[in-house]
Amino acid sequence: MTLLQRVVAGNALVVFVGALILALSPATISPRITGGEAALLAGGAVLALVANVVLMRRALAPLRALAGEMAAVDLLAPAAPHGPRAGVAEVAALGRAFDAMLVRLIAERSASARRAIAAQEAERARIGRELHDEVGQALTGVALELQGVEALAGAARDERLDAAREALRSASDGVREITHGLRPEPLEDFGLRGALVALASTLADRARLRVRRELPPGLPALPAETELVVYRVAQEALTNVARHAQAREVVLSVAVAGDTMVLVVADDGAGLGGAPPGTGVQGMRERALLAGGTLTIDDDAGGGTRVRLAVPLA
């Protein structure tokens, strides 16, 4: 029986029982209703209402059970979907749709975890290579320069010590470059607005694009992680414009609306053209999620592509 049929049957049963009682009962209603008759009618209405509530609660019980099942889902560790759904048709259909959503959620979480692990491993490998190539070789040079230096004297000793100092400076520079690679240097030095200005200027120089900046003079402070997300999304979006958009102009804008900061990168290039999202777009979406924000990428009404990131201020 469908949910609608259950509700109709419950109400019909209450009406039918009420009509049957009126037909078989010796009670009558006077042309001018008396107090006893009014009390009898009120009691009957209350009984009908109570019976209707009991029947409706029973009819809607499967829906309440499904709502409880949905509310109990742990988004960090969603349980396996329910088995085959049976019972009331509408509730079973809703349950199957919920199960399908859980399957997609679990699959997406698994894929995101794999991508995150792969990205972490790639980053560790890059840092390891840079430590080996830059710092490790520089320190090896220091060790070689200092080897046997105590046996030298005069100019030869000074020359070896100068070479060791130069190698140490080189190692120090290498460490600084690796550190700056972990967090963008402009973001550290100039804050988000200054870093976006530097980003736009760099793109304009390298890609020979007109970059129009619409950045308010005073951006509100963001958590460090959110600030990095805004910067990285802007960086990826501008890089995509330079690589793929065939654009002549790109607009980089930031606005604050209520408790949300909105970053938009819009170009006048070829547009998406139905191209499937690549790893760069996936990375932007994941960064937006990490900051509790949303990311949309659409064909702009005037041509080109429009990337919009909205993140909470706190």
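Residues are classed here as buried when the relative accessible area is under 20%, as exposed when it is over 50%, and as partly exposed in between (1.4 Å probe, protein chains only). The structure is a predicted model, in which local features need pLDDT of at least 70 and side-chain atom pairs count only at pLDDT 80 or more, while totals for chains, interfaces and linings use all residues. Residues are numbered from 1 along each chain as its sequence is written, and side-chain values use heavy atoms, with hydrogens and water left out.

The protein chain contains seven helices and five strands, taken as DSSP runs numbered from the N terminus (helices: H or I, at least four residues; strands: E, at least two). The order of these elements from the N terminus is α-α-α-α-α-β-α-β-β-α-β-β. The C-alpha trace spans about 130 × 50 × 40 Å along its principal axes. The radius of gyration of the chain is 35 Å, whereas a compact globule of 314 residues would have a value near 20 Å; the radius is taken over C-alpha atoms, and the globule rule is 2.2 Å times the number of residues to the power 0.38. Of the 314 residues, 26% are buried. The accessible surface comes to about 19,700 Å², with 61% belonging to carbon and sulfur atoms (Shrake-Rupley method, 1.4 Å probe; for residues, only the protein chains shown count as cover). Among contacts (heavy atoms within 4.5 Å) between residues at least 6 apart in sequence, 65% join residues at least 24 apart.

In helix H2 (residues 35–71), a kink of about 50° lies at Leu 60, shortly before the proline Pro 62; the bend at a residue is the angle between axes fitted to the seven residues ending there and the seven starting there. The buried residues of H2 are Glu 37, Met 56, Ala 59 and Leu 66, and these pack against H1 and helix H3 (89–146).

A nonpolar surface patch is formed by Leu 13, Phe 16, Val 17, Leu 20, Ile 21 and Leu 24, which together have about 600 Å² of accessible area. Patches are made of residues with over 30% relative accessible area and no salt bridge, like charges being joined within 9 Å and nonpolar side chains (Val, Leu, Ile, Met, Phe, Trp, Tyr) within 5 Å. Leu 20 is located in helix H1 (residues 3–24) and is partly exposed, at 41% relative accessible area.

Six salt bridges were found in the whole structure, each defined by a side-chain nitrogen of Lys or Arg within 4 Å of a carboxyl oxygen of Asp or Glu. One of them joins Arg 165 to Asp 162, with the closest N and O atoms 2.7 Å apart. Both residues lie in helix H4 (residues 154–182), three residues apart, about one turn of the helix. Arg 210, Arg 212, Glu 214 and Glu 249 are linked in a salt-bridge network. Within it, Arg 210 meets Glu 249 at 3.5 Å, N to O. This pair links distant parts of the chain, with Arg 210 in strand E1 and Glu 249 in strand E2, 39 residues apart. Arg 210 is exposed at 51% relative accessibility, whereas Glu 249 is partly exposed at 23%. Glu 214 and Arg 212 meet at 2.7 Å, N to O.

Positive phi values occur at Arg 208, near 55°, and at Gln 246, about 55°. Arg 208 lies in the loop between helix H5 (185–207) and strand E1 (210–214) and is exposed, at 76% relative accessible area. Gln 246 occupies the loop between helix H6 (224–245) and strand E2 (249–257) and is exposed, at 71%.
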